[in-house]
There are 6 protein chains.
Amino acid sequence: MKIVLSLGGSVLAPRDPERVGAHAEVIEDLVNEGHSVGVVVGGGTIAREYIHTARALGANEIELDQLGIDTTRVNARLLIAALSERAVTSPATDYETAGEALRRDEVAVMGGIAPGQTTDAVSAALAEYANADLLVYATSVPGVYSADPAADDDAHRFEELSATELVDVIADIEMTAGASAPVDLLAAKIIERSGVRTVVLDGTDPARVARVVTSGDHDGTDIVP
Amino acid sequence: MKIVLSLGGSVLAPRDPERVGAHAEVIEDLVNEGHSVGVVVGGGTIAREYIHTARALGANEIELDQLGIDTTRVNARLLIAALSERAVTSPATDYETAGEALRRDEVAVMGGIAPGQTTDAVSAALAEYANADLLVYATSVPGVYSADPAADDDAHRFEELSATELVDVIADIEMTAGASAPVDLLAAKIIERSGVRTVVLDGTDPARVARVVTSGDHDGTDIVP
Amino acid sequence: MKIVLSLGGSVLAPRDPERVGAHAEVIEDLVNEGHSVGVVVGGGTIAREYIHTARALGANEIELDQLGIDTTRVNARLLIAALSERAVTSPATDYETAGEALRRDEVAVMGGIAPGQTTDAVSAALAEYANADLLVYATSVPGVYSADPAADDDAHRFEELSATELVDVIADIEMTAGASAPVDLLAAKIIERSGVRTVVLDGTDPARVARVVTSGDHDGTDIVP
Amino acid sequence: MKIVLSLGGSVLAPRDPERVGAHAEVIEDLVNEGHSVGVVVGGGTIAREYIHTARALGANEIELDQLGIDTTRVNARLLIAALSERAVTSPATDYETAGEALRRDEVAVMGGIAPGQTTDAVSAALAEYANADLLVYATSVPGVYSADPAADDDAHRFEELSATELVDVIADIEMTAGASAPVDLLAAKIIERSGVRTVVLDGTDPARVARVVTSGDHDGTDIVP
Amino acid sequence: MKIVLSLGGSVLAPRDPERVGAHAEVIEDLVNEGHSVGVVVGGGTIAREYIHTARALGANEIELDQLGIDTTRVNARLLIAALSERAVTSPATDYETAGEALRRDEVAVMGGIAPGQTTDAVSAALAEYANADLLVYATSVPGVYSADPAADDDAHRFEELSATELVDVIADIEMTAGASAPVDLLAAKIIERSGVRTVVLDGTDPARVARVVTSGDHDGTDIVP
Amino acid sequence: MKIVLSLGGSVLAPRDPERVGAHAEVIEDLVNEGHSVGVVVGGGTIAREYIHTARALGANEIELDQLGIDTTRVNARLLIAALSERAVTSPATDYETAGEALRRDEVAVMGGIAPGQTTDAVSAALAEYANADLLVYATSVPGVYSADPAADDDAHRFEELSATELVDVIADIEMTAGASAPVDLLAAKIIERSGVRTVVLDGTDPARVARVVTSGDHDGTDIVP
């Protein structure tokens, strides 16, 4: 199976060797079982720290995005350092290079690509580009909710959504000030158009990623094409 | 004044030397009047031809985007060939390089940046990055309409919209199957967040671009921050 | 067998999905039969359109060449999009990268390299660099003629030429105003020096390329070392 | 005066907008006074965090260096975001590019260059390459000490050292397990060979950098050629 | 005046500091007099040594060309090291970059560009690209001869040739086994098409280059458009 | 076994096809026996010639280093031309690219990386990065000596040294004016930290490299971790 794994920066947890190591181990296991794996790593806390400082100093959003992208690439390099020789040696900065690694059965690892796009969208685009069988968003929340669970007691997690429903749900959430979706709107639209099966789950425990790939089981949200 | 000009591929008209020359002349004139000009060129007919063929052959959307980006860069190089020595010598492929050219009072010219983003969005992002005073979309339609004027007799052109209204209008249009907006949603959101004054106008006559910069007059749609 | 295929831009026909698809299929078939294939794609109509406009606007020949090279690379990317995962993911821009792809049994695809050289010459150079067994020029004419067949009724097609004779014939044609050779002089000289067996044929029907590789039969011109 | 400023990562303090802003302001002031300024930014806490995790996961020293270099470049980009349009738009990755910026009276900003070298050494090399008049190490300690002041009560700060004495002092410190010098041995050797006047001072207060440039006064250590 | 200087590798003489220094001084003087100078450096003895070894080891012509190009770039870097800060910091590898340096009144320095072209041709192409007023070939022979002066007593130097005559003379020389022209055929054709005034002279004494620019006097061959 | 071979420029002898060919043959033989080989090529005589000229003309040490690095890369390309298709097609310019070639069982070939580091240090760093089993320094002297054998009659060759002893010996030699060590201090420190088994031997006869790999025998100096 060809899998694209979107690994949030907070989920990777660059300051926690055990967590990073556990993610690397899951990826290695999947490769050893014959799967092909591409990983897109997000920015997380460290990216937010840089962005916070730069924003306070008057940087514009494009500069902030570029700082964020740089940080996702450091995170990606950290994951590469934790992976065996089956992985690429440095983060890919475009889809072609990542796609080439996948064709050679190497673990492709990348961060952000260009300002104006999150790594959510990059993940969906890589899945589309590489004709992945499964796209897994390992996020810090347990799936897609009807509303922000922290702010709204009635918020419930969707067990399954069609890709078109996902687009609607995300569009709604993005219109609510302060609310944040586990996957952004551009990503949702790419998922809808590509028809790649997608799962959004709580990735803080890396074992959940292994489980969804090998058995299909998970406690997150299934996005069915 | 610092201006970012979004020049649609159909507006540039690569097969029509007179049109290309007229656009180049307007840009030169603006520079000679002391303005600083960055241009983002779109794909137009030739991009659509490549994309049509590739789609028929089963290419995915990321590959199509990449073909489109390549074509925008050929268009950009054509415009550069028509400009005097005040322009950069080759299309910029990131905002930093374009921004550097602007700082040196060169005409910055670029095409697309990365899959998943149109040159509409790149234009808005360059305007934000470079702190432009004015963003002009020279498109093949005369402004932003309430609906698709080709399909709906009641469609009317907005003379003025706030950036937030623009986002709403575009979001509505994008939800209507078959309809196309003169500026896409990501661009609209960047315009909203950056607060750059923006004009959407019919750019098939390059004189209109000169007019809006020098006098502020135009028959298009004003997006006010 | 290691083959370099020079695919004229007009022969590839970027606006005709069927033609592009047929070329891609022939290449895939050759690879499946165990051949190693490098393809150099030319500029064709679209390149000529850009060059026509730029020339009318006063661009110099180096700028025109660069526009042409850009277009050959878009054509090359289109062919890549039509090929299966056995091909490279983006056009090579130097011989080393193309050569590396061939060593890994990938289909190498490239366009032009640098101003002052046509893709005819790039094809011959790639054949020399990669020690190809066969170089096929799939052009829009059926072979090498003694004179321009459109202008001269006595023009006849050569069935076979030594590489040295080819150089002489091409040198003569290039001195005739208005005449154009199916292969340019620099290419002919590289063929002569490298000793790679070469066939010039009408490539508008992709099946002819398959036929010359698998059976050696063709209705074009054989250049024997 | 042409100045190269080595700004330790901990001194820049990427999580503290005020500190970063104060450093940017000092640099701007120097430029406004007519000085030419090149800045080399170190890794600091964030680099150490990445390196700590990667080392725990078995990365080798070259991989750790590469992670560190990446982080110095994010720090450099943060400083760029805080600087005005007089600075380069992205971190230089070699001396030639940094040198070119200095020639154009832009503030050159860079991080690390290659594994096996600290930003201490890069700073000294940039000073040598650009024929700087003054090299300032803004570190987290107040100068060069005879021993580690934290471990040895008899440690005293040198007010002045010849470059050759600096090499000896640093060589001694590097042989002491656990001790760390404010400037490493390779940097000291480059300082010795280049003969650039150098000051090592406590840079946590950016005003000290301004003071040493404008008046020559400081409470650190003077390295005289 | 905008000048492109083609400096043969043997003329530059990388092992002779005095000669290299004298060439650098002439270039600096021209710049100080207000001229704009682009220099294309050839390979010379060192390139021939590398090529001789590689040919003996079975390298093909494209590999030999690449070795030659690499060496021209080292020669170019040597010349840069001898020039003042008015020159670029590293050799340009395409015409756009060289052209940009010229626009900024920097001395552009480059070596070869791509296999299949000598630095003779690169010089002519840079002159064409940059719309130079004068192209000077500083070679190891005193001009263009009717035949190889070493082999033929009747060989005489042309004082003046039209560009079209130059093409004919060079074409004749290239057909004579063993003979070598001071400028190759591709270069001659580019000179013919571009109409740039060209002088071929003995450049072993750098003062001759200064003389032809400042006074128009020389003992070489004038190629008039 | 994974081997990194440090091939001094004088040992490679670019002007001597037989010597270059013999080195290439040894490397091919090792690959055919199943070993994985990375080669780092030094500058040698030609680098020294360029550096001598540039120093006489006032170039600074960073410029000299850059000239040296360029030359090591030409040397590396020469070796590549002499190797079969099992080698990379162009010299790697960073450890990641070289490491990737090794993973694909290609012969990785590289020269210098960045100013401030010799190819001695690059060799040790590549060995560390790639987790090599053996690092062989093929130098122009027969091993590590207690003093400069040319200057001191009592100088004796060490048969075996611990890596820590190596660092001390080299540090001593580097402090002696005029003396030169077969391996520099930075390299020695990287060897010490990485624990890679290292042999320093006279590489003018390539057979010695083959011998130490296949049998462990040599007449040089063993550096044991």
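**Close-up views of chain contacts in a predicted model**

**View 1. Chain C meets chain B through 27 residues of chain C and 27 residues of chain B.** Contact here means heavy atoms within 4.5 Å. The structure is a predicted model, in which local features need pLDDT of at least 70, side-chain atom pairs count only at pLDDT 80 or more, and totals for chains, interfaces and linings use all residues. Residues are numbered from 1 along each chain as its sequence is written, chains are lettered from A and ligands numbered from 1 in the order in which they are written, and side-chain values use heavy atoms, with hydrogens and water left out. Chain C and chain B bury about 2300 Å² between them, and 69% of this lies on carbon and sulfur atoms. Buried area is the accessible area (1.4 Å probe) that two parts lose on being put together, summed over both. C:Tyr50, C:Leu57 and C:Val74 provide 26% of the area that chain C buries against chain B, more than any other three residues.

**View 2. Four salt bridges are counted between chain C and chain B.** A salt bridge is a side-chain nitrogen of Lys or Arg within 4 Å of a carboxyl oxygen of Asp or Glu. One is formed by B:Glu49 with C:Arg15, whose closest N and O atoms are 2.6 Å apart. Eight residue pairs (both at pLDDT 80 or more) are in polar contact across the interface of chain C and chain B. A polar contact is a pair of N or O atoms within 3.5 Å; within protein, one must be able to donate a hydrogen and the other to accept it, and residues adjacent in sequence count only if both atoms are side-chain atoms.

**View 3. Helices H2 (17-32), H3 (44-56) and H4 (61-82) of chain C each give two or more residues to the side that touches chain B.** Helices (H or I, at least four residues) and strands (E, at least two) are DSSP runs, numbered from the N terminus. H4(C) gives the most to this side, with twelve residues. The side of chain C that touches chain B divides into 14 nonpolar, six polar and seven charged residues. Ala, Val, Leu, Ile, Met, Phe, Trp, Tyr, Cys and Pro count as nonpolar, Asp, Glu, Lys and Arg as charged, and the others, Gly among them, as polar.

**View 4. The contact of chain D with chain F takes 21 residues from each of these chains.** About 1700 Å² is buried between chain D and chain F, with carbon and sulfur atoms giving 60%. Zero salt bridges are found across this interface, whereas six residue pairs (both at pLDDT 80 or more) are in polar contact. On chain D, helices H4 (61-82), H5 (95-103), H6 (119-129) and H8 (185-194) each supply at least two residues of the side that touches chain F. The residues of that side divide into nine nonpolar, five polar and seven charged.
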